[in-house]
Amino acid sequence: MQDEIEAKFIQCNHDSVRQLLTRIGAECHSPMRLMTRAILDYPDGRLAKIHAYIRVRDEGDKISVTYKQDAEKTFGSAKEIETTVGSLDTMVQMFEALGLVVQSRQESKRETWKIDDVEVVLDEWPWLDPYIEIEGPTKEHVMDVAKKLGFTWRDAVFGSVTAVYKLQYPDIEREGKISTIENVAFNLPAPDWFHVKGQE
């Protein structure tokens, strides 16, 4: 499995980030587009028990299948195996035939920029403030681009998007993960147990 070398920075103004990316010589490779995904596990949750899941994602220009595992939730601790396939629905049907079930269907929006061998993505998710993710071949590469964009390393967030949701909605810690919500979509209201930090 490959190491995933990435860090997230939350509550970002995407327009400001775009200006900074242009200033440091980054290029937009994929404009903001809708992405859809299915998150799968076995009915007994055996993948979740080892902090893993399978994701089939329509990225707009390709369909990717990923096995991801991250028990430590620290920088560089995520491991993944990824490939591309021809159809999201067909791949989901194949996993279901093998005994897995779809736990969650999710929407997000993503814009992809690149500078040298570092990728910066501007992400939007339902019920969540915009954030960015920086991924590169080494910690030093990621930290360098983060610094150029004006981010402080101590503010970096590691792990899946659930880590970002937990910062904005701390009740998720008690109730479960984003992957347990049947449908995460822009046109749907947030679950009742989502509460803004500091409010009853």
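Q: How many bridges join strand E3 to strand E7, and which way do the two strands run?
A: In this predicted model, strand E3 (residues 27-41) and strand E7 (residues 101-115) are joined by twelve bridges and run antiparallel.

Q: Which residue in E7 stands opposite Leu40?
A: Leu40 faces Val102 in E7.

Q: And in what sense do E3 and E4 pair?
A: E3 and E4 pair in the antiparallel sense, with five bridges between them. One of the facing pairs is Arg37 and Arg57, the latter belonging to E4.

Q: Let us stay with Arg57. Is it buried or exposed?
A: Arg57 sits in strand E4, which covers residues 52-58. Its relative accessibility is 8%, so Arg57 counts as buried, the cut-off being under 20%.

Q: What does the side chain of Arg57 make a polar contact with?
A: The partner is the side chain of Glu59, at 3.1 Å.

Q: Which residues is Arg57 in contact with, leaving aside neighbours within four places in sequence?
A: Arg57 is in contact with Met35, Thr36, Arg37, Lys62, Ile63, Ser64, Leu88 and Arg110. Among them, Arg37 is also the residue that stands opposite Arg57 in the strand pairing.

Q: Now the helices. Which residues of H1 are buried?
A: Helix H1 spans residues 14-23, and its buried residues are His14, Val17 and Leu21. They lie on the same side of H1, because they cover an arc of only 55 degrees around the axis.

Q: Why would residues three or four places apart point the same way?
A: An α-helix has 3.6 residues a turn, so residues with that spacing point the same way.

Q: What do the buried residues of H1 pack against?
A: They pack against four strands: E3, E7, E8 (118-124) and E9 (131-135).

Q: Which residues are exposed on the other side of H1?
A: Gln19, Thr22 and Arg23 are exposed there.

Q: What is found at the start of H1, and what follows H1?
A: At the start, a side-chain oxygen of Asn13 comes within 3.0 Å of the backbone nitrogen of Asp15. After H1 comes Gly25, which has a positive phi, near 95 degrees.

Q: Which residues are buried in helix H5?
A: In H5 (residues 161-168), the buried residues are Val161, Thr162, Val164, Tyr165 and Gln168. They line one face of the helix, because they fall within an arc of 155 degrees when seen down the axis of H5.

Q: A change of topic: where does Ile50 lie?
A: Ile50 is in the loop between helix H2 (46-49) and E4. Ile50 is partly exposed, with a relative accessible area of 39%.

Q: What is Ile50 in contact with, leaving aside neighbours within four places in sequence?
A: Ile50 is in contact with Tyr67 and Gln69.

Q: Finally, the whole protein. How many helices and strands does it have?
A: The protein has six helices and ten strands. Its C-alpha atoms fill a box of roughly 50 × 45 × 30 Å along the principal axes.

Q: What radius of gyration would a compact globule with 200 residues have?
A: It would be near 16 Å, and the protein has 17 Å, which agrees.

Q: How much of the protein is buried?
A: Buried residues make up 44% of the 200 residues. The accessible surface comes to about 10,700 Å², and carbon and sulfur atoms account for 48% of that surface.

Methods: Residues numbered from 1 in each chain as written. Predicted model: local features only at pLDDT ≥ 70, side-chain atom pairs only at ≥ 80, totals over all residues. Heavy atoms only, no water. Buried < 20%, exposed > 50% of the residue type's maximum accessible area, 1.4 Å probe, protein only. Polar contact = N/O pair within 3.5 Å; in protein donor to acceptor, adjacent residues only side chain to side chain. Contact = heavy atoms within 4.5 Å. Arc of directions from axis to C-beta. Pairing = 2+ DSSP bridges. Rg over C-alpha atoms; globule rule 2.2 N^0.38 Å. Areas by Shrake-Rupley, 256 points an atom, 1.4 Å probe, with all protein chains shown as cover.
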